[in-house]
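Colleague: I'd like to learn how to read salt bridges and domain contacts from a model. Could you walk me through one?

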Amino acid sequence: MVLVAHGSRDPRAAEATRALARAVSAVRPGTPVLASWLDHTEPGPATVLRDLAAAGHPRAVLVPLLLTAAYHRRVDVPAAVAAAREAGPPIAVRVTDVLGPADGEVDGGLLAGLRRRLAEAEPGRFDALVLAAAGTRDARARGSVGRVAAALAARLGVPTRVSYASAAPPEVAAAVARLRDRGALRVAVSAYFLAPGLFHDAVAASARGAGAVAVSAPLTDAPELADLVLRRVDALGRVTGLTPRS
């Protein structure tokens with residue numbers, strides 16, 4: 001099993017990916033779980049796949065650690081798989097869905113992980129929520145973030161808005177201010193991030209400056225996220241005939 005993350009210059013992000021790989025491995029002992037990154041951190045997924053092929057593994061499952069199916073899922077991940085196939089011993093590679101909404105469905109485990117991190121931030125009672133995401137120019141990907149926000153709103157029973165750290169408005173401070181202008185007294189921020197880094201740091205600082213009562217930590221190695229990774233793998237096996245457990 002190869003986990004592939006976006007990658008970051010911030011070393012905390014790579015450690016978060018390694019922690020998730022360890023968490024997944026602990027749940028499914030006997031299955032090698034390897035971390036890889038599309039940018040900034042080595043090894044890349046093509047290298048990991050080539051190494052697995054050279055070691056005699058006939059097949060692998062690649063799990064994109066992405067919350068939206070935007071450019072990295074549509075372009076970078078397939079390119080990495082193609083590169084591995086072109087420059088090394090043969091290996092059968094299957095790619096799972098991203099961890100964000102697949103086929104329009106918001107996974108209950110993803111919501112549970114977000115709620116876990118929000119509870120850990122100890123916001124107390126809050127009457128509105130901002131779901132803060134990294135950001136993308138892809139309208140469909142933004143739509144998937146909106147579905148997560150709507151699902152959280154339904155679970156928590158509070159008005160919820162989306163914000164983005166880059167590429168699209170609104171910024172988190174503007175989203176917090178809009179909710180406060182509409183009468184919310186205690187606005188919490190749920191971080192829709194897999195790993196810490198500059199984006200999450202900026203979101204946390206901006207949200208607190210705008211009066212947010214709490215900002216949750218990234219999902220990192222939350223048990224719900226490890227479980228979601230394995231369910232993505234198992235769902236792929238049911239569809240393709242691949243048997244990830246073996």
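Predicted model: local features only at pLDDT ≥ 70, side-chain atom pairs only at ≥ 80, totals over all residues.

Colleague: Fine. Into which domains is the chain divided?

Modeller: There are two entries in the assignment: domain 1 covers 2-100 + 223-239, and domain 2 covers 108-216. Their C-alpha centres sit 27 Å apart. Domain 1 puts 17 residues into the contact, and domain 2 puts in 19 residues.

Colleague: How do I read the area buried between domain 1 and domain 2?

Modeller: Buried area is what two parts lose in accessible area on being put together, summed over both. For domain 1 and domain 2 that is about 1,400 Å², with carbon and sulfur atoms giving 64% of it. On the domain 1 side, Arg12, Leu67 and Glu224 lose the most area to domain 2, and together they make up 42% of what that side buries.

Colleague: And what polar pairing is there across the interface of domain 1 and domain 2?

Modeller: Three residue pairs are in polar contact across the interface, and the salt bridge count between domain 1 and domain 2 is two. The elements giving two or more residues to the side of domain 1 that touches domain 2 are α1 and α8. Helix α8 supplies the largest share of that side, five residues. Sorted by class, the side of domain 1 that touches domain 2 has 10 nonpolar, two polar and five charged residues.

Colleague: Let's go to salt bridges, then. What's the general idea?

Modeller: Side chains of opposite charge can pair when their charged atoms come close. The cut-off used here is a side-chain nitrogen of Lys or Arg within 4 Å of a carboxyl oxygen of Asp or Glu. By that rule the count is 10 salt bridges.

Colleague: Which side chain does Arg12 meet in a salt bridge?

Modeller: That would be Asp201, at 2.7 Å from N to O. Asp201 belongs to helix α7 (residues 198-209) and Arg12 to helix α1 (residues 11-27), so the pair ties together parts that are 189 residues apart in sequence. Asp201 is partly exposed at 34% relative accessibility, and Arg12 is partly exposed at 36%.

Colleague: Now Arg28. Which residue does Arg28 form a salt bridge with?

Modeller: Its partner is Asp234, with the closest N and O atoms 2.9 Å apart. Arg28 is in the loop between α1 and β2 (34-37), while Asp234 is in helix α8 (residues 223-240), so this pair ties together parts that are 206 residues apart in sequence.

Colleague: Is Arg28 buried or exposed?

Modeller: Anything under 20% relative accessible area counts as buried. Arg28 is at 9%, so it counts as buried. Asp234 is buried too, at 15%. Back among the salt bridges that share partners, Asp10, Arg12 and Asp201 are joined into one network.

Colleague: Let's finish with single residues. Where is Thr41 found?

Modeller: Thr41 is in the loop between β2 and α2 (45-54). At 13% relative accessibility, Thr41 counts as buried. Leaving out residues up to four places away in sequence, Thr41 touches Ser8, Ala14 and Arg18.

Colleague: And which residues is Asp107 in contact with?

Modeller: Setting aside neighbours within four places in sequence, they are Leu228, Arg231 and Arg232. Asp107 lies in the loop between β4 (92-95) and α4 (108-120), and it is buried, with a relative accessible area of 14%.

Colleague: Last one: Arg147. Which helix is the place of Arg147?

Modeller: Helix α5 (residues 139-156). Arg147 counts as partly exposed at 36% relative accessibility. Not counting residues up to four places away in sequence, Arg147 touches Pro101, Gly104 and Val106. The C-alpha atoms of Arg147 and Ala14 are separated by 28 Å, and the two residues are 133 residues apart along the chain.

Methods. Residues numbered from 1 in each chain as written. Heavy atoms only, no water. Helix = DSSP H or I, 4+ residues; strand = E, 2+ residues; numbered from the N terminus. Buried < 20%, exposed > 50% of the residue type's maximum accessible area, 1.4 Å probe, protein only. Contact = heavy atoms within 4.5 Å. Domains from an automatic or database assignment. Buried area = accessible area lost by both parts, 1.4 Å probe. Polar contact = N/O pair within 3.5 Å; in protein donor to acceptor, adjacent residues only side chain to side chain. Nonpolar A, V, L, I, M, F, W, Y, C, P; charged D, E, K, R; others polar.
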